[in-house]
Amino acid sequence: MTLQRTADEAHARVQRLHDEYGRTSSSEWTENQRTAWHIAWKAWVDAVRDVQEAVTEYAFEQGSVRRMVDADVKKAARHPEPVG
């Protein structure tokens, strides 16, 4: 779940930069904006890759259906059960 939360946070960062800079062509962004967006985008892509690798490995080890594990991880990371 930690990996999924990291990926979600990285995606939110990319979205915030798009909201801040505008969704126009990156050629209209400053060099600093392009660099910031690229760093954020790369962090997101790397985080998603890490999640997918972990989910695939876990599903294989457990003999589970990968897409079900993926859905369970996303649900648990994004909608945690309240602590009693």
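The expected span of a helix is 1.5 Å times one less than its number of residues. In this predicted model, helix α1 (residues 2–21) has 20 residues, so it should span 28 Å. Its end C-alpha atoms lie 29 Å apart, which agrees.

**Helix α1**

Which residues of α1 are buried? They are Gln 4, Ala 7, Ala 10, Val 14, Leu 17, His 18 and Tyr 21. Viewed down the axis of α1, these buried residues fall within an arc of 145°, so they line one face of the helix. The face turned away from that buried side carries exposed residues: Thr 2, Glu 9, Asp 19 and Glu 20. The cover over the buried residues of α1 includes α2 and α3. Gly 22 follows α1, and the phi of Gly 22 is positive, near 95°.

**Nonpolar cores**

The largest nonpolar core holds seven residues: Ala 7, Ala 47, Val 51, Val 55, Ala 59, Val 69 and Val 73. Two elements, α2 (31–62) and α3 (66–78), each give two or more residues to this core. The biggest share comes from α2, with four residues.

| Core | Number of residues | Members |
|---|---|---|
| Largest nonpolar core | seven residues | Ala 7, Ala 47, Val 51, Val 55, Ala 59, Val 69, Val 73 |

**Contacts of Val 69**

What does Val 69 touch, leaving aside its neighbours within four places in sequence? Val 69 is in contact with Val 55, Tyr 58, Ala 59 and Ser 64. Val 55 and Ala 59 are also listed with Val 69 in the largest nonpolar core.

Conventions
Residues numbered from 1 in each chain as written. Predicted model: local features only at pLDDT ≥ 70, side-chain atom pairs only at ≥ 80, totals over all residues. Heavy atoms only, no water. Core = buried A, V, L, I, M, F, W, Y, C linked by side-chain atoms within 4.5 Å. Buried < 20%, exposed > 50% of the residue type's maximum accessible area, 1.4 Å probe, protein only. Contact = heavy atoms within 4.5 Å. Arc of directions from axis to C-beta.
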